[in-house]
Amino acid sequence: MNYVSVENIAKAFGERVLFKDISFGINEGQKIGFVAKNGTGKTSLLNIVVGDEEPDEGQVVFRKNLKTAFLPQEPNLNPELTVEQTIFDADNEILRIINAYEKALQHPEDTEGYQKAFEQMEAKQAWDFETQYKQILFKLKLEDLSKKVSELSGGQKKRLALANILLSKPGLLFLDEPTNHLDLEMIEWLEDYFAKENFTLFMVTHDRYFLENVCNEIVELENGKLYSYKGNYDYYLANKEARIANEEIETDKAKQLYKKELDWMRRQPKARTTKSKSRIDDFYEIKERAHQRRNDHQVQLEINMERLGSKILELHKVSKSFGDLTLLDQFEYVFKKGERIGIIGKNGTGKSTFLNLITGGIEPDQGKIVIGETVKFGYYTQRGIEIKTGQKVIDVIREFGDYIPLKKGRQISAQQLLERFLFDRKKQYDFVEKLSGGEQKRLYLCTVLIQNPNFLILDEPTNDLDIVTLNVLENFLLDFPGCLLVVSHDRYFMDKIVDHLFVFKGDGKIEDFPGNYTDYRVYENSKDPEPKKAAESEPKPKKSWKKDENAGLSYNEQKEYSRIERDLKKLEIQKKEIESLFVTGDLSPDQINEESAKLQEIIDKIEENELRWFELSEKLEG
């Protein structure tokens, strides 16, 4: 069944034509991965298909009554709503029934309201959906439902928007970089979810394992043309290579024919017959085919790395905590030449703090960090390039000099260097703020590498980079003779370039694992799962008004018991929020003192409430 027909669309900006006469369809059950180089029209084509932009020519036709949803890179959410209100504001009848039921549970005195809500849950069989809804929120770490959207970080907003569209159960789902702002555990869960659920997908992503494990078709935009591959990412790679080889053969044939026809054209008299005019028309078509060139310019990375001495980087019994949140506990490690270490772990376990400790952004509480005299760090942070109003691309590079040294005593001009990073002469005089996200990241990568570091620290370097640039970066890093420390949620990238992992487990525990990310997952999955607790293994009974779960408590104690549970949950959330501020390492000394005082106050309240909760629990069980 056809869901969408894209018919002969075109888009240009001034003289720059992105694409013309593009046509394709999206059918029920397809899971399409859309790939293209940055700056070739990928975002424009996606925006046209979802209706956010108008094509210069052509049209997009949707099947009548088709329910669609779009997850952009920057979601547009109502800042005044809470997380819970945002979710229940969606156009979904079952969600509204669950919302009514949740509210009824908060007002046990309204027996009639509760009974009505309970019956609606039964009638629509909403129990399973309620379980799924809570699982999605749990997996995406959206536990604080009372928090306003305006108070969320960019990553939390992206996860909330993702949860919203998953729960809305659309017939067709459009996604723009869905794995950005997700940790590895979330990505693997989402990958498994999409692979199993009956969604029809059209998505832009640079996550190659995601393309491999979720998609059943890859569509590529290249040189203004669209190519379709009916398979996953591995199938796309193999068949693209075959297509390019075939195109080169056809171009060679056209060149030979062109030479023959050119000789004929030169010998023709001015007066031509109808037959010769037809041949002349064919000649110009042959000429166009013969002069076709593949626009395969790749980023060329070349640096004049300074030699590393025998002493590189040593960490001796390093500890770091914020309040009662321990991130490093007596950590020891001595880096050796050529080490390539990947860092993985859940958000909030101290990965960024670790990098800031090494680079001197923050000081350890205990222990010593020794940096060798010859070490020159190159630190690629998540913050990206600092955008200055009115600054042009060429000005960014000229801050490091008009000429940049390369290997073997050679040098290169700032303009030539930018051309190697795919910024042509015209693009070099564009304002930095007008560049796409991927282009800004490419420019930032250029500024890090031209400083000739011999110890590279990369914090999420793959975000917003296209697959072509990623492949070139990977090949460069494989040949990089210095030390490499990388934090990334791109599993394909990690598998290709790292030799072993620092696994941040939380509570200051860091495991040194001898292998890449896939090796680690195989190792983790081979472990015997922990036996489930009896309470977890038993199915939870549906809540019923007739059952009094707090029979051992008085009415006032029941209310107090419920209130304490709610308060403890809120306090834990507040505690995590303050602890997360410490993890970023962006606080001033005064702010650290202020937040530490708040944290201690919350910890005291938690202890006080827990003590009373245990008293009531014992009475309840008795």
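The protein exposes about 33400 Å², of which carbon and sulfur atoms supply 47%; accessible areas follow the Shrake-Rupley method with a 1.4 Å probe, and for residues only the protein chains shown count as cover. This is a predicted model, in which local features need pLDDT of at least 70 and side-chain atom pairs count only at pLDDT 80 or more, while totals for chains, interfaces and linings use all residues. Residues are numbered from 1 along each chain as its sequence is written, and side-chain values use heavy atoms, with hydrogens and water left out.

**Overall architecture**

- The secondary structure comprises 20 helices and 20 strands, taken as DSSP runs numbered from the N terminus (helices: H or I, at least four residues; strands: E, at least two).
- Of the 622 residues, 46% count as buried (buried means under 20% relative accessible area, exposed over 50%, partly exposed in between; 1.4 Å probe, protein chains only).
- Among contacts (heavy atoms within 4.5 Å) between residues at least 6 apart in sequence, 68% join residues at least 24 apart.

**Helix α1**

- Helix α1 (residues 42–50) is largely enclosed by the rest of the structure, because seven of its nine residues are buried.
- The buried residues of α1 are K42, S44, L45, L46, N47, I48 and V49.

**Salt bridges**

- The structure holds 28 salt bridges, each defined as a side-chain nitrogen of Lys or Arg within 4 Å of a carboxyl oxygen of Asp or Glu.
- In one of them, R521 pairs with E188, with the closest N and O atoms 3.4 Å apart.
- This pair links distant parts of the chain, since R521 belongs to helix α17 (residues 517–526) and E188 to helix α7 (residues 184–196), 333 residues apart.
- K240 and E220 form another salt bridge, their closest N and O atoms being 2.8 Å apart.
- K240 lies in helix α9 (residues 233–267) and E220 in strand β8 (residues 217–222), so this pair ties together parts 20 residues apart in sequence.
- Both K240 and E220 are buried.
- A network of salt bridges links R208, E474, D490 and K496.

**Surroundings of K141**

- K141 lies in the loop between α5 (127–139) and α6 (154–167) and is partly exposed, at 26% relative accessibility.
- Not counting residues up to four places away in sequence, K141 touches R159, D183 and M186.
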